[in-house]
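This report concerns the pairing of charged side chains in one protein model. Please consult the sequence and the structure shown below.

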Amino acid sequence: WMSRCDENEQLFLPYVLPALLDKAAKDTSLRLMVIACSGNRGEWLRKLNPVWDYFRIFPDEEIWQTGKPEERAALLKKIRQDDPGRAREWLRQTWEQETAASKVELLKTLRINVGTGDLEWLENLLDEKGQKVKDGAMALLKLIPGSSIVNQYEGLLKQSVTLKKEKALLGMLNKVSIQQTLPAVVDESIFKSGIEKLAGQKASITDESFILYQLIGSVPPTFWEKQFECTPGQVVAYFDKYASDKIPALGLAVSRFKQTDWIPYFLDQPGFYPDFLEMMTTSEQEKYLIRFLKVDALNTIHFALKLKHEWGLD
């Protein structure tokens, strides 16, 4: 509720201010929102209670330089929403002075609007000493098309998953199939990047199929347009018909890389992709949830409760 007030630049009603000022006195992560949504009345109230003395409006730059870790992280998230480049540059400027723990936490804020502008710096962070920092940078690079790790995944898939077309019935018809075979030798760095080698003893799929599933879910869906030389709709249709076990991985990639234009091709699929909801309009969200209500009521209601708008009558 406080986040939505902040996002929509609304002021809290006067009668709730004392309770919120008390709450933010104990939970410092709420302070920026309380300050932003309390206005002049909050500034006046804080003078009446020493416990509320934290309520002082500082310039963003001062909070970034002198604020507490949770205040700095909250500020970086806020700036990242509107000006990703500015947030990144602030972090770069103080990077050498940050502790290992703060580096890990502040890197997480870059998931907001992560993109190609972050690429060069994040690639350099792979040379950091701390493993957790390197892991954080790698997790972000996996979300950016064109990063070294995504390119590596695409290179392996280019060899491993191909669309084969053959003539059948005296050359009158085309026989289509998707060939899925890993090369005899796979670069070990693939597995060090987070791709698991083994499906597990009780798994119903082979280790090779498990590796390919992970890789398909880790590359932009647009890769398949070039690989198969066809449209997005045809890509989904080919996977559905010739490699249906990999359709969920393709859906995962649509979510991971925010490929909104691919969502319509998955609406007839039996699988429920909750991450699609944040990329849909209000009416699309409701239609999608209603469709799955009968087959998976508990899960559907769980995600419906997270919607930011009032439910429609249906």
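The sections below describe the salt bridges and the exposure of their residues.

## Basis of the model

The model is predicted, so local features require pLDDT of at least 70 and side-chain atom pairs count only at pLDDT 80 or more, whereas totals for chains, interfaces and linings use all residues. Residues are numbered from 1 along each chain as its sequence is written, and side-chain values rest on heavy atoms, with hydrogens and water left out.

## Salt bridges overall

Side chains of opposite charge can pair when their charged atoms come close. The structure contains 15 salt bridges, each defined as a side-chain nitrogen of Lys or Arg within 4 Å of a carboxyl oxygen of Asp or Glu. One network of salt bridges links R80, R88, E89, R92 and D118.

E98 and R72 form a salt bridge with an N to O distance of 2.6 Å. This pair connects distant parts of the chain, 26 residues apart: E98 lies in the loop between α6 (84–94) and α7 (100–108), and R72 in helix α5 (residues 69–82). Helices are DSSP runs (H or I, at least four residues), numbered from the N terminus. Both residues, E98 and R72, are buried (under 20% relative accessible area; exposed is over 50%, partly exposed in between; 1.4 Å probe, protein chains only).

## Pairs with partly exposed residues

In the salt bridge of E188 with K197, the closest N and O atoms are 3.2 Å apart. E188 is partly exposed at 42% relative accessible area, and K197 is partly exposed at 37%.

K246 pairs with D245 in a salt bridge, with 2.8 Å between the closest N and O atoms. K246 is buried, with a relative accessible area of 2%, while D245 is partly exposed at 39%.

Note on methods:
Helices (H or I, at least four residues) and strands (E, at least two) are DSSP runs, numbered from the N terminus.
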